Structure formats: structure tokens, C-alpha cells
Amino acid sequence: MKSQKDTAAGQDADATAVAILGWLAGEPELLSRFLALTGVSPAEVRNAVNDPGFLAGLLDFLMSHEPTLIAFSEATGIAPEAVVNAHSIISGPFGGGDV
């Protein structure tokens with residue numbers, strides 16, 4: 001059985017989540033808020049990026065505030081729909097990951 005990372009869609013979803021993290025790195029106030037909400041320390045981010053739950057958290061964070069989602073989309077050229085699609089792939093159709 002193939003995992004989601006073995007598919008092009010899964011790789012695109014991961015890349016979208018990592019793009020969010022890259023964008024947040026340039027937005028210190030938002031990054032601090034995201035880290036505070038997740039409990040991940042700045043030193044743990046490098047390892048956390050390999051955790052699907054962390055990637056899902058990045059997507060959730062962005063989708064939870066439309067103005068932030070729009071600002072990300074405008075800054076990166078990644079459409080809001082791509083973020084929603086990435087969230088569906090990483091979190092699963094019901095938001096709970098692999099079932």
C-alpha cells in the first residue's frame with residue numbers, strides 16, 4: 001500500500017505545508033503565535049517538519065484565519081484552494097489523518 005508521501009499529490013501537500021512554514025519564518029509575530037499554539041519550540045521545528053501532525057497544524061493555522069490565508073497566498077502565489085487541498089490530503093477527509 002502506498003503512503004500519501006509516495007504520491008505526487010502527497011508531495012505537493014507537504015511542499016505547501018513547508019511553504020507555509022517558510023512564509024511564517026518571515027512573519028515573526030505569526031510564527032510566535034503558531035509555535036505557542038502548538039507547543040513546539042523553535043529548536044524543535046527542524047525535526048517537527050517530518051511529522052504529518054505538525055504539517056497538518058501548519059495548514060490548520062493558516063486556514064483558521066482568512067486574512068492570514070490571503071496574505072500567504074498573495075505573498076507566495078499559492079492559491080487558497082491549494083492550501084485547502086493540502087489540508088485534505090495530509091489530514092484526511094475528516095481531518096483526522098489516516099484511519
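**Figure 1. S73 in helix α5.** S73 lies in helix α5 of this predicted model. The relative accessibility of S73 is 11%, so the residue counts as buried, the cut-off being under 20%. Apart from neighbours within four places in sequence, S73 is in contact with I78, A79 and P80. S73 can also be viewed together with W23: the two residues are 50 apart along the chain, and their C-alpha atoms are separated by 9.9 Å.

**Figure 2. The packing of α1 and α5.** Two packed helices are described by the angle between their axes and the distance between the axes. For α1 and α5 the angle is about 95 degrees, and the axes are 11 Å apart. The two helices are therefore roughly perpendicular to each other, a term that covers angles of 65 to 115 degrees. On the α1 side, the contact is made by T16, A19, I20 and W23. On the α5 side, T68, A71, F72, A75 and T76 take part. By residue class, the contact of α1 with α5 divides into 6 nonpolar, 3 polar and no charged residues.

**Figure 3. The largest nonpolar core.** The largest nonpolar core has 23 residues. Within this core, I20, F54 and L58 are the residues with the most contacts. Two or more core residues come from each of α1 (8–25), α2 (28–38), α3 (45–48), α4 (52–63), α5 (66–76) and α6 (80–91). Helix α4 gives the largest share of the core, 7 residues.

**Figure 4. The surroundings of F54.** F54 is among the residues with the most contacts inside the largest nonpolar core. Which residues does F54 touch, not counting those up to four places away in sequence? They are L21, F34, V40, V45, A48 and V49.

**Figure 5. V18 in helix α1.** V18 has its place in helix α1. When residues up to four places away in sequence are not counted, V18 touches V49 and L55. V18 and L55 are 37 residues apart in sequence, and the distance between them in space is 7.4 Å, C-alpha to C-alpha.

**Figure 6. The whole chain and the confidence of the model.** The secondary structure of the protein comes to 6 helices and 0 strands, in the pattern α-α-α-α-α-α along the sequence. The protein has 99 residues, of which 32% are buried. Of the contacts between residues at least 6 apart in sequence, 63% join residues at least 24 apart. The average pLDDT of the protein is 88, and 87% of the residues score at least 70. Confidence is highest in α5, at a mean of 97, and lowest in α3, at 91. Where pLDDT is low, the predicted coordinates should not be read in detail.

Methods. Residues are numbered from 1 along each chain as its sequence is written. This is a predicted model: local features need pLDDT of at least 70, side-chain atom pairs count only at pLDDT 80 or more; totals for chains, interfaces and linings use all residues. Side-chain values use heavy atoms; hydrogens and water are left out. A nonpolar core is a set of buried Ala, Val, Leu, Ile, Met, Phe, Trp, Tyr and Cys residues joined through side-chain atoms within 4.5 Å. Buried means under 20% relative accessible area, exposed over 50%, partly exposed in between (1.4 Å probe, protein chains only). Helices (H or I, at least four residues) and strands (E, at least two) are DSSP runs, numbered from the N terminus. Contact means heavy atoms within 4.5 Å. Axes are lines fitted to C-alpha atoms, for helices over the stretch in contact, and angles run from 0 to 180 degrees between N-to-C directions. Angles under 35 degrees count as roughly parallel, over 145 as roughly antiparallel, 65 to 115 as roughly perpendicular and the rest as oblique. Ala, Val, Leu, Ile, Met, Phe, Trp, Tyr, Cys and Pro count as nonpolar, Asp, Glu, Lys and Arg as charged, and the others, Gly among them, as polar. pLDDT is the predictor's confidence in each residue, from 0 to 100.
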